[in-house]
Amino acid sequence: EMLQYAREDTHYLLYVHDRLKVLLTQTPGNSMGLSGLEECYELSKEICLRKYEKPLMNDLAFQNFVDKRAPGLSRPQEDVLRVLMQWRDSVARAEDESTGYVLPSAMMLQLAREMPTTTAKLSECCNPVPALVRRDGRHLLDLIAKALQSASTSAPAEPRTPPPVKAADGVLVDSSPSPSPVPCDGFA
């Protein structure tokens, strides 16, 4: 049944291949003396040789995530979020999985807000519990405990103000909340 589906879904690809090959062989060569087909093969080879590098989880990526997805977190919650993001990134790289598979962002934020200290609380925050979270649950709880301990021993941080936001035209706009709304003439 699956083979039949695959045949029906891809049978036209041989025709497309033949037509493209004919069109490319009829295409005049480029300045390097390659025919259209040879040039296509060369460009395809260049693309295939590119190696994808997963973006690194660094302070800037963390701060962007906090600013966009979790602006109201306390300092201890941010510390927990930071260690969770670092764990998620390292596990995703080691397992060659996406970060969303390892620990979806919504669950990660829930864990940062709740700061669980037991496996039962960890399971309550993640429903359903991702396989890699289940596997490393004890380690995650240790990371959360260490983050909470370091947050309690460090000096209290100044409250963060959100960074300025660029409007569509590139002008910086103050994104901090205004003390009181002021009506503008002509706007409701």
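Ser105 touches Phe65, Arg69 and Arg88, leaving aside residues up to four places away in sequence; a contact here means heavy atoms within 4.5 Å. The structure is a predicted model, in which local features need pLDDT of at least 70 and side-chain atom pairs count only at pLDDT 80 or more, while totals for chains, interfaces and linings use all residues. Residues are numbered from 1 along each chain as its sequence is written, and side-chain values use heavy atoms, with hydrogens and water left out.

Back to Ser105, then. This serine sits in helix H7, which covers residues 105-114. Helices (H or I, at least four residues) and strands (E, at least two) are DSSP runs numbered from the N terminus. Ser105 has a relative accessibility of 19%, so it counts as buried; the cut-offs are under 20% relative accessible area for buried and over 50% for exposed, with partly exposed in between (1.4 Å probe, protein chains only).

Now for the fold as a whole. The chain has ten helices and two strands, and from the N terminus on the order is α-α-α-α-α-α-α-α-α-α-β-β. Of its 188 residues, 23% count as buried. Among contacts in the chain with a separation of 6 or more, 53% come from residues 24 or more positions apart.

How much of the chain reaches a pLDDT of 70 or more? The figure is 81% of the residues, and the chain's mean pLDDT is 82, pLDDT being the predictor's confidence in each residue on a scale from 0 to 100. Over residues 171-188 the pLDDT is below 50, and this stretch has 13 contacts in the model beyond near neighbours in sequence. Where pLDDT is low, the predicted coordinates should not be read in detail.

Next come the helix pairs. Two packed helices are described by the angle between their axes and the distance between the axes. Helix H5 (residues 75-95) packs with H7 at an angle of about 140°, and the two axes are 8 Å apart. The axes are lines fitted to C-alpha atoms, for helices over the stretch in contact, and angles run from 0 to 180 degrees between N-to-C directions. H5 and H7 are therefore oblique to each other; angles under 35 degrees count as roughly parallel, over 145 as roughly antiparallel, 65 to 115 as roughly perpendicular and the rest as oblique. H5 passes H7 in a right-handed crossing, where right-handed means that the near helix is turned clockwise from the far one by less than a right angle, and left-handed means anticlockwise. On the H5 side, the contact is made by Gln77, Val80, Leu81, Leu84, Met85 and Arg88, and on the H7 side by Ser105, Met108, Leu109, Leu111, Ala112 and Arg113. Sorted by class, the contact of H5 with H7 has eight nonpolar, two polar and two charged residues. Here Ala, Val, Leu, Ile, Met, Phe, Trp, Tyr, Cys and Pro count as nonpolar, Asp, Glu, Lys and Arg as charged, and the others, Gly among them, as polar.

Helix H2 (residues 12-26) and helix H3 (residues 36-49) form another pair, with axes that come within 6 Å and cross at roughly 115°. H2 and H3 are therefore roughly perpendicular to each other. Lys21, Leu24 and Thr25 of H2 meet Gly36, Leu37 and Cys40 of H3. By class, this contact of H2 with H3 has three nonpolar, two polar and one charged residues.

H5 also holds Asp79. With a relative accessibility of 15%, Asp79 counts as buried, and it touches Ala147 and Ala151, again not counting residues up to four places away in sequence.

Some backbone details sit in the loops. Asp96 lies in the loop between H5 and helix H6 (99-102), and its phi is near 55°, a positive value in a residue other than glycine. Asp96 counts as exposed because its relative accessibility is 62%. Met115, in the loop between H7 and H8, also has a positive phi in a residue other than glycine, near 50°. At a relative accessible area of 21%, Met115 is partly exposed.

Further along, Ser123 belongs to helix H8 (residues 119-125) and is partly exposed, with a relative accessible area of 39%. Ser123 and Arg134 are eleven residues apart in sequence, and 8.4 Å separates them in space, C-alpha to C-alpha. Pro128 lies in the loop between H8 and helix H9 (131-135). A cis peptide bond joins Asn127 to Pro128, with omega about 0°.
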